[in-house]
Every structure is written in C-alpha cells, then in structure tokens.
Amino acid sequence: MGCLVSTPKDSGGNRRRPGSIGEVSVYVPGLRIPKPVDFAQSLGDYLSKSIVERLSALRTRIVVMASQEGPTISRTKRKSATQHGGSTLADLQQALEDYLPVLLGLVKDGSHLQYKVQFVWVNQEDDAEETVMSNTWYEVLSVLHLMATLLLAQANLLLLPRTSSDGYQPKVSEESRRASVDIFLKAAGYLDCAVRNVLPQLSAELRRNLPVDLAEGVLRALCLQALGQGVDIQLGMAIDSTKATLAVKRRLACEMVKYWQQAQDNIMNLLLANGWGEKHRLYVKWKYVEAKAAAYYYHGMILDEGNTEKSHGMAVAALQAADEYFKESKKLCDAFNAATPLSRNPPLWGTMKYLYEKIPKDTSSKVRINRDLYTYERIMEIAPTLPDFALALKPDEYQLPPVDPSWRSENVNGFKLAQTMSKGDK
C-alpha cells in the first residue's frame, strides 16, 4: 500500500544546486530536502491534537532547516568549517533524531496510520525532481538517509586540512582523523539499518519506485564508501606511525580496495543522473582505482623483500601496476572535480600525500635497478594477485529508536479507531 507520485525534473524548480562545492575530502551527495506535510488534514480524525501538533512541529523544523541550509551544506571552505558548518549539521541532525521516535508511532503494531500521510521529498540523484509516497516507512528511510548524509558532510569538514599553529603546510589533526573514523562508522550504521530493517517494510513495487537516491544499491554503496574512507584514515595513521609494519599497511590498503570495489559493484548499473549522480559514480571509481594503487604499492614493497628472482620480478610487476593505477586515479580525480557541481582537491595529506611522492619514485627506482637483471619479458605481464583479507571495519550497530512515550496513553484509542476504520474500508 502507499501511492506514489514522481514529479518530472523540469516541473517545479525545487532542486537548488550549487555551481561549485569547494574542497572535497569526503563525497557528500546532494541533500534530499523534505517538503511540508499537513498532518492535521491526514491524521486529525485519528489522533489527539497534541500528537498531531508535535509531529507537525518536529517535521516543520526539519523542513525549514533543510530548505535553508541544505543547498549550502555541501559547499565547504576550510575557513568556515569550524564556525557555522558544524553547528548547522549538528542542529539538523538533532532535529531528525527528535522526530524519528515520534514518527515511528505511525507504524506501531502495523497501524493503518502508516498509509494516511503523503510524504514529499526533493531528490538529487534521481531523474524525477521529487517523490511522493503515502507510506511512513518511506519517510523513515528518507530520514535515515539524510542523517547519514549529514554525518558524511561532518566528516568532510573534519578532514579539510587547516593551517597548523607552527605555520607549516595545512594538515589534518590526529584528533580530527580519529573522530572522522567514528563518524564514518556511525553513518554506515544508519545506512546498514536502512537496508536491513527499513527497506524490507516496503512492498516490492514501492522499492522499485523509490528514487535512485534511496535505491538499495546506492544505500549499500554509501555504507561501503563510509567504511572504505574509514580504512583510508586508518592507513594514513599507520603511515605516520613508526610502529606500523609494511604488512599492516598492505592489509589496510587491500581491505580498502575491497570496500571500494563492492561500492562500485553496487552502483555501476544504476541510473545515476543529474550531476550529483554522475559525480557520485566518478568518485567511487576514482577512490577504487586510488585504493588499488596503494595496495599494489605495499604489496610490491613486501615482495621486494624476498630473496628470489621470482619475488623481485613480482615486486616490479606490482609496483608497475601501482604506478599505472596511480596515473589513472589522477585522471579520474580531474574528471570528478570537473563534473557538476564543480569541486577541487584540498591540499594533499594523509595516505595520498605519502603515496603521491613514493609510488613514482620507488617504481622508477626498482625498475631501473632490476632492468639489467630482468628483461621486460621476464617481468610478469600481469600484476600479481593481491592478498585477500577479511574486512575488519563494520558499521556501528544502530537500531531504530523505541516509539516515543507520548503514544502510550491517550493515543491508544486512536490506533484502535484507525484499525477499525481500515477494516471498514475494506
């Protein structure tokens, strides 16, 4: 149950897209924006005035904040990242968290109330400008997606390099890096919950008619993207640590490849469009290739520690593969930044700052040293297979909150009334 209305992209002009989003450390898809809903008209005959007014007030707060701040949240500048951006994200996140337990009262015990309200959201990655569904689970799904998106925006703010107190080149503090990993896991938890616990509540027909922003493949890809970027941060911290071995760095790099490969597998066949969608696809492809450059580099360095002709040959092949992926990643990075809305790279830091220096240098050095020992034909024609490691980083365990206590007493009759009327309608 639950009717569906999708508005063509040229009908209303509700989508407001920035021409440029500034520096990007973490890709943040365009925010889906909720449009006003009249709870009184839909629920006035079934629920007490207090519950209806509370639902209205909580959602109106979100509509106002998201409409005003949504188009600017993706536009980031290091100068303002710690001033207004963080508080705006936190306030909107809190508004969503306050709304969700009250909203879930509409689906309590399978109540027919879940089909009474038409929820409207403006899409970003879908061809249809907005999607309307008379199903509360669609609203819950949209809320979780927005909560995850806001966390990705928060992580992006944390991971934009800032000028250090010593006056040297901009960098990201260890505190910000550690905090960002926690944020990535939390965002992944919201998305994982959306896939496991919310999508199954919708009929197969409604799931097919969801905007691509909320398609299962996109939700899974965003979850894997968050985990992949969490591992990227861990690898950067391992590179900075004198205690981390090459084996530890290789493992992290290989895990990063698997996360990004799975993310790409989930979105490669989806109809991502309208700027944000194409930019999303390019970002995942870029990060996947970049991760492979890192993994082959560390695999090659470990192979080079072997004492056999075969291990040296494999090391050269791995480093050459790393260099090719590195060159390809730079081209994909340029394509991502050139896709609308335009973006640019922040100053290099972390994993890629190190590898931008090391991959070309070490590849050139190893190939030159071994050139007299091994002919090109004896170097493996294809790169050696990367080791397969189990993925260690998992999404946070997030469960939907319990229904707000305000539903317990006077509104019980409202549920019974709604259920009685629904039986009568049949």
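Helix H9 covers residues 276–303, a run of 28 residues. At 1.5 Å a residue it should span 40 Å, and its end C-alpha atoms are 40 Å apart, which agrees. The expected span is 1.5 Å times one less than the number of residues. Helices (H or I, at least four residues) and strands (E, at least two) are DSSP runs, numbered from the N terminus. Of the 28 residues in H9, 25 are buried. Buried means under 20% relative accessible area, exposed over 50%, and partly exposed in between (1.4 Å probe, protein chains only).

This is a predicted model: local features need pLDDT of at least 70, side-chain atom pairs count only at pLDDT 80 or more, and totals for chains, interfaces and linings use all residues. Residues are numbered from 1 along each chain as its sequence is written, and side-chain values use heavy atoms, with hydrogens and water left out.

**Whole chain**
- The protein chain holds 12 helices and six strands.
- Buried residues make up 55% of its 426 residues.
- Among contacts (heavy atoms within 4.5 Å) between residues at least 6 apart in sequence, 82% join residues at least 24 apart.

**Helices H4 and H5**
- H4 (residues 136–158) and H5 (residues 174–198) pack at about 165°, with axes 9 Å apart.
- Axes are lines fitted to C-alpha atoms, for helices over the stretch in contact, and angles run from 0 to 180 degrees between N-to-C directions.
- That angle makes H4 roughly antiparallel to H5; the class needs over 145 degrees, against under 35 for roughly parallel, 65 to 115 for roughly perpendicular and oblique for the rest.
- The crossing of H4 and H5 is left-handed, meaning that the near helix is turned anticlockwise from the far one by less than a right angle.
- H4 residues in the contact include Trp137, Leu144 and Leu151, and those of H5 include Ile183, Phe184 and Tyr190.
- The contact residues divide into 19 nonpolar, three polar and one charged.
- Ala, Val, Leu, Ile, Met, Phe, Trp, Tyr, Cys and Pro count as nonpolar, Asp, Glu, Lys and Arg as charged, and the others, Gly among them, as polar.

**Val63**
- Val63 sits in helix H2 (residues 49–73) and is buried, at 9% relative accessible area.
- Beyond neighbours within four places in sequence, Val63 contacts Pro34, Lys35 and Pro36.
- Val63 and Pro36 are 27 residues apart along the chain, with C-alpha atoms separated by 6.6 Å.

**Backbone features in loops**
- Thr340 and Pro341 are joined by a cis peptide bond, with omega about -5°.
- Pro341 lies in the loop between helix H10 (309–338) and strand S6 (342–344).
- Asp109, a residue other than glycine, has a positive phi near 55°.
- Asp109 is in the loop between helix H3 (81–103) and strand S4 (119–122), and is exposed at 66% relative accessible area.
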